[in-house]
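Please look through the sequence and the structure below before reading on. The paragraphs that follow begin with a single residue and then widen to the sheets, the helices and the chain.

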Amino acid sequence: MAAVTIRNLAKRYDDNEVMRDINLDIDDGEFVVFVGPSGCGKSTLLRMIAGLEDISAGDLNIGERRMNDVPAAKRGIAMVFQSYALYPHMTLYDNMAFGLKIAGKSKAEIDSAVQHAAKILHIDHLLDRKPRALSGGQRQRVAIGRAITRQPSVFLFDEPLSNLDAALRVKMRLEFSKLHDDLKTTMIYVTHDQIEAMTLADKIVVLSAGRIEQVGSPQELYHHPANRFVAGFIGSPKMNFIDGIVAAVSDEGVLVQLPGGARQLAAVEGGALALGDKVTLGIRPEHLHIAAGQPILHAHFTALELLGDFSYLYAASEASEEPLILRVADSIKIASGSIIGVSADAGRCHLFRQDGSAVPRLAIARDPAAAVH
Ligand SMILES: Nc1ncnc2c1ncn2[C@@H]1O[C@H](COP(=O)(O)OP(=O)(O)OP(=O)(O)O)[C@@H](O)[C@H]1O
Ligand SMILES: [Mg+2]
């Protein structure tokens, strides 16, 4: 087991700088998830930690040791790729034993390591099979088993579940969680899947265009995104953004004047804002309601997505470039073309300055869960 410390890390391909100013502390035994849009540098960062990419500048430490110039095989890490990369002509047993054989381990040591990993992953009855005789999920487990046998101090996973169907992903997600509980080894995991990130991570790292936007627990990122990018990236469907101007600032928060004339209070610390400042209100679909009283906006109903016990309602409004999205009860009946009024609670509103940075939410608005961190 080991902590990972990254200081001022950068990556250049020729003159093209694809990562910069990366500073990150990963504690021993922590489960850290990297998320971000395609091309933001998740795999590159993982591969630099693994030793599969050179580090252009900065420092990478695993445990006490600076690893920049240490070859991949000597870093004490094991990486599992999306493609599994199993040897097709070898049995599962041999696939899992291969690395240990190369490392010159004894037959007894190899056998004990392979059996141990196979048992953890429930593939001990399949060890004589070849990879082609396995399902995708079973193959994925062999790739993980091969990593476990190496007893690494850090596991690296690059979208390990993205080739699996939805049901299997859910099952394997739970197994990853169990695996981490059992092994208690540091794990770094890249995914595009919001639910995987939220459920597996002790700490999520949000990347964008080669930089870290925010690092925090899933709850912190959901309740206290540092900027508009993170607010829009964490949470699905994404947060609604409505532009407005500051109409008043008080102890209760900031009153925002919206297009159309209505005003919405956001329970944020607005001390540094001035009247007339341009701001953007952020409200998640689960916190935007069909107005019971005075609406903040009117919008044209456009579509309803039925998802079982709730639905997402889409509505076009001049106040927002993208359609507004509201999470509503599944029982809702609404005629196409209807105009709806929407409202929100002050305590559920986020507020962003023009440069995209978030105005801190008032303590009273903080979710009790967030206070624990
Ligand atoms: N060998 C390379 N030469 C030049 N540029 C590269 C090379 N490998 C990656 N890049 C660039 O580095 C950036 C980060 O790529 P990376 O593969 O890390 O993204 P990612 O976040 O893993 O994306 P995805 O979610 O699509 O897997 C991209 O702009 C990519 O084009
Ligand atoms: Mg990638």
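In this predicted model, S343 lies in strand β19, which covers residues 339–344; helices (H or I, at least four residues) and strands (E, at least two) are DSSP runs, numbered from the N terminus. S343 counts as buried because its relative accessibility is 16%, where buried means under 20% relative accessible area, exposed over 50% and partly exposed in between, with a 1.4 Å probe and protein chains only. Leaving aside the neighbours within four places in sequence, S343 is in contact with H287, L288, H289, I290, A291, A292, Q294 and I296, contact being heavy atoms within 4.5 Å.

A word on conventions belongs here. Residues are numbered from 1 along each chain as its sequence is written, while chains are lettered from A and ligands numbered from 1 in the order in which they are written. Because the model is predicted, local features need pLDDT of at least 70 and side-chain atom pairs count only at pLDDT 80 or more, whereas totals for chains, interfaces and linings use all residues, and side-chain values use heavy atoms, with hydrogens and water left out.

Seen as a whole, the chain has nine helices and 20 strands, and its C-alpha atoms fill a box of roughly 75 × 45 × 40 Å, taken along the principal axes. Of its 373 residues, 49% are buried. Among the contacts in the chain with a separation of 6 or more, 65% are between residues 24 or more positions apart.

Another part of the chain holds an open sheet of six strands, in the order β6-β7-β8-β3-β9-β10, with mixed pairing. Its edge strands are β6 (77–80) and β10 (211–216), each of which pairs on one side only, and the twist averages 15 degrees from one strand to the next. Strands β6 and β7 (residues 154–158) run parallel and are joined by four bridges, with I77 having V154 as its bridge partner in β7.

Helices accompany this sheet. Helix α1 (residues 42–50) packs on the sheet, touching β3 (31–35), β6, β7, β8 (186–190) and β9 (203–208), and its direction makes about 150 degrees with that of β7; axes are lines fitted to C-alpha atoms, for helices over the stretch in contact, and angles run from 0 to 180 degrees between N-to-C directions. Helix α5 (residues 166–183) lies across β3, β7 and β8, running at about 160 degrees to β8.

Helix α4 (residues 136–149) has 14 residues, and 11 of the 14 are buried, so it is largely enclosed by the rest of the structure. The buried residues of α4 include G137, Q140 and R141, and what covers the buried residues of this helix includes β6, α2 (92–102), α3 (107–120), β7 and α5. Just after α4, Q151 takes a positive phi of about 45 degrees.

Definitions and conventions: Pairing = 2+ DSSP bridges.
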